[in-house]
Amino acid sequence: MASNSKVESNSDSSTSSGRRRVGLIYDERMCKHSDPSDQFHPESPNRIRVIWNKLHSSGITQRCTVMNGKEAEDKDVALVHTRDHIDLIRNISSKKIGLRSNGIAAKFNSIYFNEGSSEAAYLSAGSVIEVAEKVAEGELDAAFAIVRPPGHHAEENEPMGFCLFNNVAIATRYLLDERPDLGIKKILIVDWDVHHGNGTQKMFWKDPRVLFFSVHRHDFGCFYPGGENGSHVMTGEGPGEGYNINVPWENGRCGDADYLAVWDHVLIPVAKEFGPDIILISAGFDAAIGDPLGGCRVSPYGYSVMLHKLLEFAGGKIVMALEGGYNLESIANSVQACIEVLLQQKPIVGSSEAYPFESTWRVIQAVREELSSFWQSLAERLPEKVTSMRTPYIQVSSSDSEDEYDITPHRVSQDLEKDIENVIKPFSDLKVNDGTGITSQASTISHTWRAELSRIDIWYATFGSNMNLSRFLCYIAGGQVEGMRKPCIGSLDKSKPKEITWKTFPHRLFFAREHTATWGPGGVAFLHPESNSDDKAYLCLYRITLEQFNDVLLQENGSSFDMNSPLFDKTDLESIENRKCVSADAVKCGWYHNVLYLGKENGIPILTMTCQLSDVDNFKSGKVSMCKPSKAYANTLIRGLVEGKQLSETEATTYIQEAASRAL
């Protein structure tokens with residue numbers, strides 16, 4: 001860890017050999033900020049510790065100018081935040097507030113406070129100011145601020161989304177308004193965090209000196225922070241109109257090819273027209289492979305190429321400030337890749353093998369059309385020979401299984417290197433043939449498994465919200481019903497179930513976890529994997545194909561698995577009667593990856609999906625909370641039981657209440 005004294009660097013000798021002068025700022029005091037009620041909270045002190053340890057062990061710190069953190073002054077924070085907001089953050093860690101801080105935090109969206117929060121917030125903001133000033137002055141060529149808490153969600157008068165002060169916005173306004181002598185008149189902010197930078201957007205909404213660019217998951221307004229602020233139609237107002245650019249992904253799983261397509265066809269052309277004097281990057285790494293909150297697939301190589309493409313602007317003056325990123329291995333590798341670019345002015349070694357999604361091209365076209373009246377470089381429609389290079393895989397949205405705050409360690413991918421090898425080719429390297437067609441290996445990937453499994457029927461037995469037919473059809477046809485916060489994309493085969501029937505089984509229904517991205521606060525339904533003659537669970541059985549079951553299994557587990565092979569194949573089906581259950585290991589990060597055999601109906605196997613016995617042990621021990629379902633979720637289950645003519649409304653309500661209140 002960095003000591004309290006300034007660390008000596010080799011920057012002088014490096015400059016004489018042509019190496020760029022890159023600053024690193026880190027301060028262990030920012031680790032004092034932590035969630036007092038949740039040791040597994042994703043925004044933890046280990047996020048910056050693991051980055052620092054990685055850079056130190058690899059020798060990168062010895063090639064950079066390393067600085068300790070510096071606290072911001074209130075007058076600088078006041079450039080973007082109100083006095084009430086500043087007073088809140090300054091005093092929240094005081095003894096006077098003390099135990100009341102938890103109650104105050106609960107009033108805000110995804111915020112926690114403890115005795116170290118005030119100091120960490122001032123250090124985070126002040127450190128970004130410090131490196132931005134040194135890069136603007138020319139003392140450094142570029143810099144990376146390893147800071148927390150992050151900042152891009154923090155609004156003028158409200159902390160939110162783990163963010164207390166808006167670090168990048170404060171530094172931007174400081175350069176423009178407090179240091180005009182430095183000659184910084186135009187600033188490009190690139191926000192590549194997987195979440196929309198709502199706070200930063202609002203702070204420069206009418207300011208033509210700042211070009212704000214954010215690429216993020218939007219999921220039609222259903223992905224955090226939600227709403228329409230992240231839409232591509234939000235382009236600024238008054239003198240700032242056209243200077244706000246949002247690229248909103250329709251779904252997860254976007255990776256290197258998708259991001260580099262946006263760089264080549266939106267960001268880079270506009271940056272050339274804008275001509276920034278310096279670039280500030282809100283460098284969140286929660287779009288990285290394996291991140292538990294982001295659901296995207298950018299590799300360290302992808303980040304390095306994205307950054308390298310920005311070096312051609314502003315004389316290479318780039319300041320990176322850490323935002324999100326919650327897979328510790330992935331965030332450390334990605335930061336290291338970016339600092340190598342800042343030092344050597346070239347990407348790290350890497351390769352990739354796929355094309356952007358069809359939805360990516362749709363979003364890019366919409367963004368270009370919306371902004372074409374402001375930026376001449378976006379006025380022309382992209383040629384078909386470019387946009388036809390796309391990956392045809394089924395898109396998957398969040399489900400009951402996906403929890404925005406489910407970050408238990410064993411559910412984060414540990415095979416990162418293997419994942420990286422399977423990512424993608426830089427978009428600039430994709431080849432088009434003689435102009436009459438596309439050279440695309442991805443477009444010719446065989447889907448013979450679908451043809452085979454589409455001829456095999458199974459009964460899918462549902463015990464949760466899928467007992468309600470309209471809810472289950474979301475997984476087949478796509479869409480959402482009342483109470484759901486996110487839509488489903490649906491199956492590739494959107495045929496409705498061939499038959500529907502009901503049966504009871506000697507298994508225990510129960511509810512666990514505290515929050516889901518689909519239903520919000522509250523537990524979701526699980527079926528105990530082991531049978532018990534004293535238990536009775538009502539299940540609705542849908543006769544669907546094994547192909548459709550695979551698509552539902554994928555959506556239920558909120559995974560980024562590419563469906564060029566099945567999750568549960570014919571061999572699994574043939575063996576499950578003897579094995580009783582089969583784990584779909586490719587989606588083991590989900591809560592419903594355990595496929596359970598329940599017998600046969602008219603000679604057709606009955607399958608359901610639930611948790612594993614090890615998960616039940618975690619529920620029993622309290623490692624993962626038992627929790628009653630939310631009202632909207634419970635009502636959906638009750639509606640399914642009533643419409644299926646299994647129970648009266650009173651009986652169904654009692655059945656759900658008893659399942660939610662009984663201890664395991």
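Reader: Which residue does Tyr460 stand opposite in strand 18?
Author: Tyr460 stands opposite Leu607 there. A word on the source: this is a predicted model, where local features need pLDDT of at least 70 and side-chain atom pairs count only at pLDDT 80 or more, while totals for chains, interfaces and linings use all residues. Residues are numbered from 1 along each chain as its sequence is written, and side-chain values use heavy atoms, leaving out hydrogens and water.

Reader: What makes strand 9 and strand 18 a pair?
Author: Two strands pair if DSSP finds at least two bridges between them. Strand 9 (residues 457-462) and strand 18 (residues 604-610) are joined over two bridges, in the parallel sense, so they meet the definition.

Reader: Which are the edge strands of the open sheet?
Author: The six strands run in the order 10-15-9-18-17-16, with mixed pairing. Strand 10 (499-505) and strand 16 (581-583) are the edges, as each pairs on one side only.

Reader: Why is helix 6 called oblique to helix 7?
Author: Helix 6 (residues 117-137) and helix 7 (residues 167-178) pack at about 40°, with axes 9 Å apart. Angles under 35 degrees count as roughly parallel, over 145 as roughly antiparallel, 65 to 115 as roughly perpendicular and the rest as oblique, so helix 6 is oblique to helix 7.

Reader: What makes up their contact, by class?
Author: Contact means heavy atoms within 4.5 Å. Among the residues involved are Ala121 and Glu133 of helix 6 and Tyr174 of helix 7. The contact has 11 nonpolar, two polar and one charged residues; Ala and Tyr count as nonpolar and Glu as charged.

Conventions: Axes fitted to C-alpha atoms, helices over the stretch in contact; angles between N-to-C directions. Helix = DSSP H or I, 4+ residues; strand = E, 2+ residues; numbered from the N terminus.
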